[in-house]
Amino acid sequence: MSILLPTNLQQCPSSSFPSSSPLLSPSPSTVFSVTVPPRRCLRLVTSCVASVQSSVANGSAPASVIVERDQIRLGLPSKGRMAADSLDLLKDCQLFVKQVNPRQYVAQIPQLPNTEVWFQRPKDIVRKLLSGDLDLGVVGLDTLSEYGQENEDLIIVHEALNFGDCHLSIAIPNYGIFENINSLKELAQMPQWSEERPLRVATGFTYLGPKFMKENGIKHVTFSTADGALEAAPAMGIADAILDLVSSGTTLKENNLKEIEGGVVLESQAALVASRRALTERKGALNTVHEILERLEAHLKADGQFTVVANMRGNSAQEVAERVLSQPLLSGLQGPTISPVYCTQDGKVSVDYYAIVICVPKKALYDSVKQLRAVGGSGVLVSPLTYIFDEDTPRWGQLLRNLKQ
């Protein structure tokens, strides 16, 4: 690894870098050299290099630094399906991302005037949350786990944004020596693996992979770094298995690969993540998160529901309510709303019908309508729900408790 310092900085005196300095002494794991151009510099160079040396030696990213700025920075994926789904979700929450030029990496949200949007690669969103360059971000839980590596400064605000669903899983060939191997335990116990000939796994998850194998007591295994079409690795003979994200599993089947019991490392979907230090130290960050979280919760809760309205004959609201509640799918969120329907007969106002309003899950819509009809419901109207604002959002209370830990 080498660091090239800016050319407008002066060469520091040789006494700043003694020959015995560990910075210039190669270690078994890292080759670290510094190239210093022979121009004028600031003494600041020595402390900067020392800081980098310390971070490399500790094997971790530099600690997050809260830089003073007025804007709250939200990181969104810059490309692909995750990028489009993130923008769609914010739009559904009445948060419209305004990007003057599609080639620009910064945008605004007029509804949140103190917030900037920065489009970044998902892994860079996690890294910049840790470095303090971003305050909030939308990433997959797999990316958060791989690049966040359980760092305590990363805090999950909302873990289920309802897109980007997949799971990280081990897959092996469905032929040859693996034909009858159907579980992680059976894979680990295969006599072929030894210290001299370990199980070879191709993956882009070089933190989660070894961690998972260690937690499951699998010793004779090596990992090769790979990106892209991992499914070809076993057929090419460069790996025995792969560890990759799986959505439908179709690509695995088409390449003669199979998942195995116990081989799922984690379930993943898009999540809203924040820097703990930003929430506690940056002015306005916590209030912004509260508003975003309330909008998200209200929309996501309503997204799986329909409002159903029906009329029903009855002698009283109590009697109608008893009939409605006798059906298992008609209880709604907190119970049905029963209201009298006023009509005129012979010049007099009377109540013969009652209106029932309930919320039902989308998946149970038709069965709910059948149950309404069975107890006398008619004129059934169905409309989608946009938002359900609760008295308070459970995740907001959980976030405040987490921040106090």
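The legends below accompany close-up views of one protein chain, shown as a predicted model.

**Figure 1. Overview of the protein chain.** The predicted chain contains 13 helices and 17 strands. Of its 405 residues, 41% are buried. Among the contacts with a separation of 6 or more, 73% are between residues 24 or more positions apart. The chain exposes about 22,900 Å², and carbon and sulfur atoms supply 51% of this area.

Figure 2. Threonine 115 belongs to strand β5, which covers residues 115-120. This residue counts as buried because its relative accessible area is 0%, and buried means under 20%. The side chain of threonine 115 makes a polar contact, at 3.2 Å, with the side chain of asparagine 114. When neighbours within four places in sequence are left aside, the residues in contact with threonine 115 are Gln71, Ile72, Leu74, Gln108, Ile109 and Thr288.

**Figure 3. The largest nonpolar core.** This core has 31 residues, and those that touch the most other members are Leu74, Leu136, Leu161, Leu272, Leu279, Leu296 and Leu399. At least two core residues come from each of β3 (72-77), α2 (80-92), β5, β6 (136-140), β7 (154-158), β13 (270-275), α10 (285-303) and α13 (394-404). Helix α10 gives the most, with six residues. For leucine 399, the contacts beyond four places in sequence are Ile155, Val157, Leu279 and Val289. Another core, of 21 residues, lies apart from the largest one and includes Leu187, Val201, Phe205 and Met213.

**Figure 4. An open sheet of five strands.** The strands follow the order β10-β9-β11-β8-β12, with mixed pairing. Strands β10 (221-225) and β12 (257-268) form the edges, each pairing on one side only. On average, and with direction ignored, neighbouring strands of the sheet are turned by 25 degrees against each other. Within the sheet, β9 (residues 199-203) and β11 (residues 241-246) run parallel and are joined by three bridges. Alanine 202 has isoleucine 242, in β11, as its bridge partner.

**Figure 5. Two helices lying across strands of the sheet.** Which strands does helix α4 lie across? Helix α4 (residues 141-148) lies across β11 and β12, and runs at about 80 degrees to β12. Helix α6 (residues 208-215) lies across β8 (166-173), β9, β10, β11 and β12. The direction of helix α6 is at about 105 degrees to β12.

Note on methods: Residues numbered from 1 in each chain as written. Predicted model: local features only at pLDDT ≥ 70, side-chain atom pairs only at ≥ 80, totals over all residues. Heavy atoms only, no water. Helix = DSSP H or I, 4+ residues; strand = E, 2+ residues; numbered from the N terminus. Buried < 20%, exposed > 50% of the residue type's maximum accessible area, 1.4 Å probe, protein only. Contact = heavy atoms within 4.5 Å. Areas by Shrake-Rupley, 256 points an atom, 1.4 Å probe, with all protein chains shown as cover. Polar contact = N/O pair within 3.5 Å; in protein donor to acceptor, adjacent residues only side chain to side chain. Core = buried A, V, L, I, M, F, W, Y, C linked by side-chain atoms within 4.5 Å. Pairing = 2+ DSSP bridges. Axes fitted to C-alpha atoms, helices over the stretch in contact; angles between N-to-C directions.
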